[in-house]
Amino acid sequence: MFVSPAAAILAFLGLNAEWSVCLAIVVGGLLVVGGADVIRFSLKRVMAIASVCFRQSIRRRVLWITPLVMLGVIIVSQFQRGDPQDAIRQTITSCLFASGLLVLLVMIVLASTNLPKEIENRVIYTVATKPATRLEIVLGKVIGFACVSFWMLLIMGVFTLGFLNLREWRLRQAIAADLEAGAVDEISRSTLQYYQQAGLLHARQMSRPARIDLLAHRPRGADDLWVPGGGNGLIVAEFAITADQVPAGSQVEVEIDVRAKRIYMPPVADTQPSDGPAAMLPSPPRVGFELLDEQNMAVVNMFQVGQPQPIELPEVGGVVRRRIEPQFLELWLPRAENPRPVYVSLIGGGPQHAYGLGRGGFHLIVDGRRIAPVGPPRYAGRSGRFGEQLRGGSGGEAGVALFQFRDQPVPAEAEQVTFELRVGLEPERDESDPDAEVATRIVLEIVNRSNDQAATVELYPESNRSSFIQVPAGVVRGGDFDVWLRMAADGYVGLRTRGYPPLMLVRASQNFAFNLLKSLSVLWMLSILITIIGVCASTFLSWPIAIVLTVMVLIGRWATDQIDVSDTGRSFVADFLGAESGAQARAISETIDRLGEVMTTAARFMPDISRFGAIAELQSGLAVSSQTLLEALGVTVLFGAPVLVLAYVFLKYKEVAP
Amino acid sequence: MTSANSEAVITQNLTKVYRDFWGRPKVTALDDLNLSIHRGEVFGLLGPNGSGKSTTIKLLLGLIFPTRGTATVLGEPAGNSTVNERVGFLPEESYLYRFLDGEETLFFYGRLFKIPRKELNRRVPELLDVVGLDAKARKRKLREYSKGMARRIGLAQALINNPDLILLDEPTTGLDPIGTREMKDLILSLKKQGKTVLLCSHLLADVQDVCDRITILYAGRMQTLGEVRDLLQVKDVTQVLARGLGDGQLQELRAFLQRLGATDTTVTHPTTTLEDLFVRVVKDHAKAAAAPPAASTEVAAAANP
């Protein structure tokens, strides 16, 4: 089908509404409204205004706040308790949180008050009557305040580095003394040895697994992939489909080719479950499926899809095909202008069964047209407190997690390489003594797919803490290897499959100071964005209102994401009015939904401050990735540029003489 | 008829109406002002408080926008940042950055005109001398300045770009009589250099001393316009000035004038202005104080050989 260039451009702009608006504002503001000012633009004048702005802040002793903040951090750190890893992590968090908070508050106040105060005390008369254009005035102020935040962050950065090094030195001394005295338990020894060698201030660059699957047992072949029943396992398929691909009145069905088998739970420890005597458990296999959003949260649960009861299958499985009601499609499918991946998950019932996929796999069928998933499905675990749950045990009931590392860079010269493991533990407690410490054994087996070298490691990690495991470098050489993880104790191990993977290979180590510098750069970019928003708000509002607006714009998107206002009308009516039907209830529900839509739409045009992740990586001892820096830069430029241009346009048409 | 090139400022039906929050007219600050200020003249804008003087200046500088009408400054639309290259402005109070010192202030405003550093190094001390700020004052923060010093530094920043048109809003406010006299002398010297000066004041004596032409505004409207001499001349009264006449001759003169038919005759000694008297006394005193003390020693020595 031929698509004209104009239609293609319009379609692109429709899909990228935020960027289109940004581009329109920048181009329209600079070329249409401010063409003459752009031609006259002088960096010399901008820097003159910036230098006065900077000097003003410095001479008003803004930097004097930093020693107070440092003092606060030192006091807070005296109350921090925990092991060395915790102590350093808490200190990093305190220092960066304090630096960030200080800079953000100061910038909000400075940027929002400067222009209104200059108009109020009429200093603007002597600046605006000079050849400086309003564009130069706005830009000069932003640069001036950016310099102030730069110096604040530099001072706080130097303090942070010094303070952390001091704490690290003291903690390493203590670790060395404990190790020498033998006052260290088995659980902590390897980690403490790693700290003693590598230090506590890490900036590790990690190789990450390409995918993580949680399986019922270790497969004996490529097709032997099963998840446990009893709601403990899921098979999840990703689809790229948007609402516009499903015309009104379409019939949409989910089709899954499911295999089922009975699994035998031997009474003695055995790492390999067998298919055992199936006849001993009479109930047939049963499955359900759910429709998940991009966060893997169920939008439509299994009881809403198809029928209220799980779908019974023949003993060896079969093809499940169920229609999705239009009202559920409306909830599930993203709009064309905001495409996101969506998922279908298969959940198997009955602990005596395991479930896999037949050759047909997953399909969505829209009016007879079959839509295949994006990539192979993932084998997942039930969501628990610490991520997806993998069942442990000393026998065949224990599941395995497979971490596939493919073409990952690995240390070239080292004899030993280090893995970092961070899992959550939910061991089964002794009912008679629930407070008793349970040492949980985790078994890792690393298998190199290129040279078949393998290594097995057993360890006793602490829950939700990093453990470091050293293995011979040969097992990871070539970067193509699998790691099998199982918990050799009753209970569950939680594995986070989103964000930072629970198992990573330490590829290299960066200088901590450089890593800190990168984190501070992210904070600096955020401070520049705040300055731009503050200056823009102050061009048309009095300073108290400008401060409020700046804060609202800054946190608007984040807050909207947090409260998730979409489709809340019905639940609000049900929760607070106790009625789901009736004209009044419908009107209230629809009004709330519309308001939610307005808020969500408005939030799309606000900056996403969650992209300024300055603390998380540094706190976890990971090297701040270039992606983190680029994301922060992207939001700063793509949101900051149009707001800066708007500030210029507002000021250009503002009568600065009260 | 005057051409646009010979006019420094032209306004046509210039009107400014201030509106309330809802956009309803609140105050008409300036109403249909039609004005031409010739290049090279000192023009006075007079009027009581609220007559529209400051509004006119703000409109000419682009600090506010007209509701109706147009204003042209040095041949270009008012408020255009290119025209600001050739305009100097002293606001009614010195609205400057109070955390900068005198020199920093002038360097800052100089940089806004993109004056090269080398040129500023020469021009800044020169201007500070012209406005009478001593070396000590130059290094003091503006927040420590007296009102008079603030006016002086304000004037210096208005002249930093060697402007063709200078707008002075109440230039003598806060100045002592010496400062007032120096300001007036400076205005006259600017005129000699061919600059155009627009002076806005309600101190009528100052305006009378330096202005070539004036206009009087009242309630936003122009009430009168013309040369100061013409406007102040009382056509039906004659003034005779003479030196060296005694009392008897003054009696004779009075009788003579009555014989010629003159009425309300006054023959008396002229008085100087209070400003002239003050300036003379202070300057004489300053001169005496600055005289070398050796002279008095010599007198004492002569009296006691």
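Predicted model: local features only at pLDDT ≥ 70, side-chain atom pairs only at ≥ 80, totals over all residues.
A residue counts as buried if 20 or more other C-beta atoms lie within 10 Å of its own. B:L74 has 23 C-beta neighbours inside 10 Å, and is therefore buried. B:L74 sits in the loop between β4 (68-73) and β5 (76-77) of chain B. Its backbone is marked by a positive phi, near 50°, in a residue other than glycine.

B:N162 occupies the loop between α5 (147-159) and β7 (165-169) of chain B. B:N162 has 13 C-beta neighbours inside 10 Å, so it counts as partly exposed.

Helix α5 of chain B also holds B:I153. This residue is buried, because 26 other C-beta atoms lie within 10 Å. Neighbours within four places in sequence are set aside in what follows. The contacts of B:I153 are then B:S94, B:L96, B:G102, B:T105, B:V131, B:L133, B:L142 and B:Y145. B:K191 lies 38 residues from B:I153 along the chain, and their C-alpha atoms are separated by 20 Å.

Chain B as a whole comprises 305 residues, of which 38% count as buried. Its secondary structure consists of 11 helices and 10 strands. Contacts between residues at least 6 apart in sequence were sorted by separation. In chain B, 68% of them join residues at least 24 apart.

Chain A has 658 residues, and buried residues make up 40% of them. The chain contains 16 helices and 24 strands. Its C-alpha atoms fill a box of roughly 95 × 75 × 50 Å along the principal axes. Of the contacts in chain A with a separation of 6 or more, 81% are accounted for by residues 24 or more positions apart.

One helix pair of chain A was examined in detail. Helix α4 (residues 43-59) packs with helix α8 (residues 134-181) at an angle of about 45°. The two axes are 7 Å apart. Angles of 65 to 115 degrees count as roughly perpendicular, and those under 35 as roughly parallel. α4(A) and α8(A) are therefore oblique to each other. The crossing of α4(A) past α8(A) is right-handed.

The residues in this packing can be listed by helix. From α4(A) come A:R45, A:V46, A:I49, A:A50, A:S51, A:C53, A:F54 and A:S57. They meet residues of α8(A), namely A:E136, A:I137, A:L139, A:G140, A:K141, A:I143, A:G144, A:F145, A:C147 and A:V148. By type, the residues of this contact divide into 11 nonpolar, 4 polar and 3 charged.

A:P376 lies in the loop between β12 (369-371) and β13 (378-381) of chain A. It counts as partly exposed because it has 14 C-beta neighbours inside 10 Å.

The largest nonpolar core has 236 residues. The members that touch the most others are A:V138, A:L526, A:I532, A:A647, B:L167, B:L198 and B:L199. Helix α11 (residues 512-538) of chain A gives the largest share of this core, 16 residues.

The contact between the chains takes 23 residues from chain A and 23 residues from chain B. On the chain B side, α1 (53-61), β6 (87-90) and α2 (102-112) each supply at least two residues. The largest share of that side, 4 residues, comes from α2(B). The residues of chain B that touch chain A divide into 15 nonpolar, 4 polar and 4 charged.

Key:
Residues numbered from 1 in each chain as written. Chains lettered and ligands numbered in written order. Contact = placed C-beta atoms within 7 Å. Nonpolar A, V, L, I, M, F, W, Y, C, P; charged D, E, K, R; others polar. Core = buried A, V, L, I, M, F, W, Y, C linked by C-beta atoms within 7 Å. Buried ≥ 20, exposed ≤ 12 C-beta atoms within 10 Å, placed from the backbone. Axes fitted to C-alpha atoms, helices over the stretch in contact; angles between N-to-C directions. Parallel < 35°, antiparallel > 145°, perpendicular 65-115°, else oblique. Left-handed = near helix turned anticlockwise from the far one by under 90°.
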